[in-house]
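Biologist: I would like to go through this model with you. Could we begin with the overall fold and then turn to individual residues?

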Amino acid sequence: MPTLYFGQGIPYVVVMTLSVVMYKNLGISNTDIALYTGWLYLPWVVKPLWSPLVELFRSKRYWIVALQLVTGAALALVALTTRLPNFFQLSLAILWLMAFSSATHDIAADGFYMLALPRHAQAAYVGVRSGFYRLAMIAGQGGLVYLAGKLGENGGDVRMAWSTVFWILAALFVALFAYHRFMLPHPDGDRSDDDHADRGVDGARSGPGIQRGADSRPAHRALLREFFATFAAFFRKKDLATILGFLLLFRLGEAQLLKLAIPFLLDPTDKGGLGLSIADVGLVYGSIGVIALSAGGLLGGLAIARFGLKRCLWPMVFAVHVPDLVFVYLATALPHNFALVAACMALEQFGYGFGFAAYLLYMIMVSDGAHQTAHYAICTGFMALGMMVPGMASGWIQQHLGYQHFFIWVCLATLPAFALTARVRIDAGFGRK
């Protein structure tokens, strides 16, 4: 479980954060960074649509191992593109492939988690999977960004520095592929009709499974009927407009802030930024910030367990959005004190982690029922859509407003979240032990 969820976290961090730092370091404009990396959210938006394929074809173990090999190959290809004249276009295409692979890996890994562990062990290991996913964020946003910065400073060849980082990541995923090929267990329930008497990428027989032919087709048709019925049931939920509005607009401000936070930290002061080095950004945003984010998330979960979601919702909405004001301060004062910048980043990330626990619990509450797993996947799709579309436009907005007015706009964009919070219905006592 530790290696599985560490491997799940790294590609997401690479696609969503490491790519932004790399493109900014190599001179791509904020508008292009936000627009084109925003598209990389799309596989997570639409992944519920192809999740039945993971059920219908091969085992989840097969998907996990195969996709880790694909991810390793994609990382190596990115490393090879850094010196090419059309690097931006080629690397984006490869990162989109990686995003698709990562989203599919998420489906398989989460399903494998439920199959490989009995119910009591699932609860026991939830902290382990979350902890190692967070560790992947620290390693990617912190350690690897810091490494790229130091390599660029010492050698002076920025493209070679990023190529080295991606070669390291490629080697890591080849190692994960080899390790999981032999070490992942073979749960009895992890079968598909493609597995009978075959050896796949995972290199082991899965057992007899369901035979091809007439006997399997009715089961496939029943699965597809259930798939469409599950979607229909979600869109028949009471207060659907409020639910969708909350899922899509709760992070309207944060979606834009997230895309421009790193460019703001990196841009020189004459462009309205703080002028930090790549290594400093890895430390302040990728390490200190993620540690504060994780601490906030843990405290938020404890608060909801103690008081319930209904009592915690409003304080947590304020905790998510009010700390965005620190970016208005930073863009206005442009402080040179590294400790002050780090404290501001920690405050903003802690507040976001603390408050985001309410958003996650709200999705769990909305998903509660006969199709909980599938409905939660649909909720995460809308969550990703709410991040993708505003994020794509954020670079263009910032280029026209400048950083100071852009961050003021981000704060104004949080107002729909407050308006929708006043409309959501929370079950009394939900989330409280």
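Biologist: How many helices and strands does the protein chain have?

Modeller: The secondary structure of the protein chain comes to 16 helices and zero strands. Helices (H or I, at least four residues) and strands (E, at least two) are DSSP runs, numbered from the N terminus. This is a predicted model, in which local features need pLDDT of at least 70 and side-chain atom pairs count only at pLDDT 80 or more, while totals for chains, interfaces and linings use all residues. Residues are numbered from 1 along each chain as its sequence is written, and side-chain values use heavy atoms, with hydrogens and water left out.

Biologist: What percentage of the residues count as buried?

Modeller: Of the 433 residues of the protein chain, 54% are buried. Buried means under 20% relative accessible area, exposed means over 50%, and partly exposed lies in between (1.4 Å probe, protein chains only).

Biologist: And what is the accessible surface of the chain?

Modeller: The accessible surface is about 18,500 Å², and carbon and sulfur atoms account for 66% of that area. Accessible areas come from the Shrake-Rupley method with a 1.4 Å probe; for residues, only the protein chains shown count as cover.

Biologist: What share of the contacts joins residues at least 24 apart?

Modeller: Among contacts between residues at least 6 apart in sequence, 81% join residues at least 24 apart. Contact means heavy atoms within 4.5 Å.

Biologist: What does Phe166 touch?

Modeller: Leaving out residues up to four places away in sequence, Phe166 touches Val14, Leu18, Met22, Leu75, Val78 and Ala79.

Biologist: On to helix packing. At what angle do α11 and α12 pack?

Modeller: Helix α11 (residues 278-307) and helix α12 (residues 309-321) pack at about 140°, with their axes 8 Å apart. That makes α11 oblique to α12. Angles under 35 degrees count as roughly parallel, over 145 as roughly antiparallel, 65 to 115 as roughly perpendicular and the rest as oblique. The axes are lines fitted to C-alpha atoms, for helices over the stretch in contact, and angles run from 0 to 180 degrees between N-to-C directions.

Biologist: Which residues meet there?

Modeller: From α11, Gly300, Ala303, Ile304 and Phe307 meet Leu309, Arg311, Cys312 and Met316 of α12. These divide into six nonpolar, one polar and one charged. Here Ala, Val, Leu, Ile, Met, Phe, Trp, Tyr, Cys and Pro count as nonpolar, Asp, Glu, Lys and Arg as charged, and the others, Gly among them, as polar.

Biologist: Staying with α12, is His321 buried or exposed?

Modeller: His321 lies in helix α12 and counts as buried because its relative accessibility is 3%. Beyond residues up to four places away in sequence, His321 touches Phe250, Thr414, Ala417 and Phe418.

Biologist: Changing topic, where is Asp239, and what is its phi?

Modeller: Asp239 is in the loop between α8 (216-234) and α9 (240-249). Its phi is near 60°, a positive value in a residue other than glycine. Leu334, in the loop between α13 (325-333) and α14 (338-367), has a positive phi near 45°.

Biologist: Last, helix α15. Is Met388 buried or exposed?

Modeller: Met388 is found in helix α15 and is buried, with a relative accessible area of 5%.
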